[in-house]
Amino acid sequence: MRHILHRLYERLSGAVPRGRARDTDVAATARKLKIFAYSGAGAIIGGVAGGAFKEEKDAYLKNGDTLGIGSYTLKYETLTAYPRGDTMVVAARLAVYQGGKFLQTLLPQKRFHPGAEQPHGVVAIRSTPKEDLYVILGEYSREGVTLRVLINPLMMWMWIGGQVM
């Protein structure tokens, strides 16, 4: 294994001749860039393939209710409404737990702009290298909220791959 890693290092660094002739700087740089681009393509393919393991749940939650999806537990705490400039914002406050440990608070929102017929939704996102957790606020009332919760595995790698390429 050590021999293989050493040979790989030599190839990538251009430290040894390839065949009879030594690589030129341009050829070595081109080879490294090609490897870099293929790495990006691999990351994108991995991110797209992760979509096959996507999870999705719709739920109606009242204050204090919880929803389990994947390794997460979401606890609905409250519904808040507040002005933001000339826009009115309605947000559901959710505590996110994993294995009983608090991770963060998410606030999926509906924003009402003056003169607009429909509110515009703002998705709450928790993004990690392993997966993305999306929470979308649907219908709401004083009694509770309707949420759509999605887990998309490996999404970050798709974005990283796009940047690398």
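Trainee: In what order do the four strands of the open sheet sit?
Mentor: The order is 1-10-9-8, with antiparallel pairing. Strands here are DSSP runs of E, at least two residues, numbered from the N terminus. Two strands pair if DSSP finds at least two bridges between them.
Trainee: What kind of model is this?
Mentor: It is a predicted model, where local features need pLDDT of at least 70, side-chain atom pairs count only at pLDDT 80 or more, and totals for chains, interfaces and linings use all residues. Residues are numbered from 1 along each chain as its sequence is written, and side-chain values use heavy atoms, leaving out hydrogens and water.
Trainee: Which are the edge strands?
Mentor: Strand 1 (55–62) and strand 8 (124–127). Each pairs on one side only.
Trainee: How many bridges link strand 1 and strand 10?
Mentor: Eight, and strand 10 covers residues 144–153. Leucine 61 has valine 145 of strand 10 as its bridge partner.
Trainee: What holds paired strands together, in general?
Mentor: Backbone hydrogen bonds.
Trainee: Now strand 8 and strand 9. How many bridges join them?
Mentor: Four, running antiparallel, with strand 9 at residues 131–140. Arginine 126 stands opposite leucine 133 in strand 9.
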